[in-house]
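The sequence and coordinates come first.

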Amino acid sequence: KAVFSVDISESVEMYLEAILELEARNSVVRSVDIARFLGVTKPSVNRAMTNLKNEGYILMEPYGDIVFTEKGRETAKHIHELHHVITDFLVNSLGISPELAEADACRIEHVISPEVVQAMKEYNKKRQ
């Protein structure tokens with residue numbers, strides 16, 4: 001499967017990944033959960049959710065639940081996969097600590113080319 005490029009901000013990536021993670025843990029995601037998970041204020045989350053809704057990534061239910069649109073889920077899954085590919089590569093090929101690899105993957109995933117990601121995937125597969 002080809003890697004697709006997503007031209008979104010690091011902040012949007014962070015929120016989409018957080019929603020995906022919280023959804024996997026709790027099935028229901030609310031703004032307060034995201035604020036707690038990311039260590040940000042609820043007003044910051046509310047602004048971000050408004051932006052995500054306006055961009056077509058999420059729907060906000062009247063009772064406060066946040067759910068992905070198809071576009072949002074696809075984008076979040078892509079970002080999540082990208083994050084893990086980069087983290088695994090940094091840990092397995094370079095011997096970077098998992099904590100540092102996680103932190104750097106967050107920054108790298110925003111600027112890395114699809115060709116490099118594909119090469120990392122292939123390298124990670126060979127190492128399994």
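Ser27 counts as exposed, with a relative accessibility of 57%; the threshold for that class is over 50%. The structure is a predicted model. Ser27 sits in the loop that runs between helix H1 (10-26) and helix H2 (31-38). Although Ser27 is not a glycine, its phi is positive, at about 70°.

**Helix packing**

Two packed helices are described by the angle between their axes and the distance between the axes.

| Helix pair | Angle | Axis distance |
|---|---|---|
| H1 and H4 (residues 70-94) | about 95° | 9 Å |
| H1 and H3 (residues 42-54) | about 95° | 11 Å |

H1 packs against H4 at an angle of about 95°, which makes the two helices roughly perpendicular. On the H1 side, this contact is made by Glu13, Leu16, Glu17, Leu20, Glu21 and Glu23. H4 supplies Arg73, Thr75, Ala76, Lys77, Ile79, His80 and His83. Sorted by class, the contact of H1 with H4 has six charged, four nonpolar and three polar residues.

For H1 and H3, the angle is about 95°; because angles of 65 to 115 degrees count as roughly perpendicular, H1 and H3 are roughly perpendicular to each other. The H1 residues in this contact are Val12, Tyr15, Leu16 and Ile19, and those of H3 are Ser44, Val45, Ala48, Met49 and Leu52. What is the class make-up of the contact of H1 with H3? This contact has eight nonpolar residues, one polar residue and no charged residues. Leu16 of H1 is listed in the contact with H4 and also in the contact with H3.

**Aromatic contacts**

The structure holds one aromatic pair. Which geometry do the rings of Phe89 and Tyr123 adopt? Their centres are 5.4 Å apart and their planes stand at 75°, so the pair is edge-to-face; the cut-off for this class is over 60 degrees. Because Phe89 belongs to helix H4 and Tyr123 to helix H6 (residues 114-127), the pair ties together parts that are 34 residues apart in sequence. Phe89 counts as buried, at 19% relative accessibility, whereas Tyr123, at 30%, counts as partly exposed. The cut-off for buried is under 20%.

A further ring contact involves a charged side chain: Lys71 lies over the face of Tyr57, at 4.5 Å from the ring centre.

Note on methods
Residues numbered from 1 in each chain as written. Predicted model: local features only at pLDDT ≥ 70, side-chain atom pairs only at ≥ 80, totals over all residues. Heavy atoms only, no water. Helix = DSSP H or I, 4+ residues; strand = E, 2+ residues; numbered from the N terminus. Buried < 20%, exposed > 50% of the residue type's maximum accessible area, 1.4 Å probe, protein only. Axes fitted to C-alpha atoms, helices over the stretch in contact; angles between N-to-C directions. Parallel < 35°, antiparallel > 145°, perpendicular 65-115°, else oblique. Contact = heavy atoms within 4.5 Å. Nonpolar A, V, L, I, M, F, W, Y, C, P; charged D, E, K, R; others polar. Phe/Tyr/Trp six-rings, centres within 6.5 Å; stacked < 30°, edge-to-face > 60°. Lys NZ or Arg CZ within 6 Å of the ring centre and 35° of its normal.
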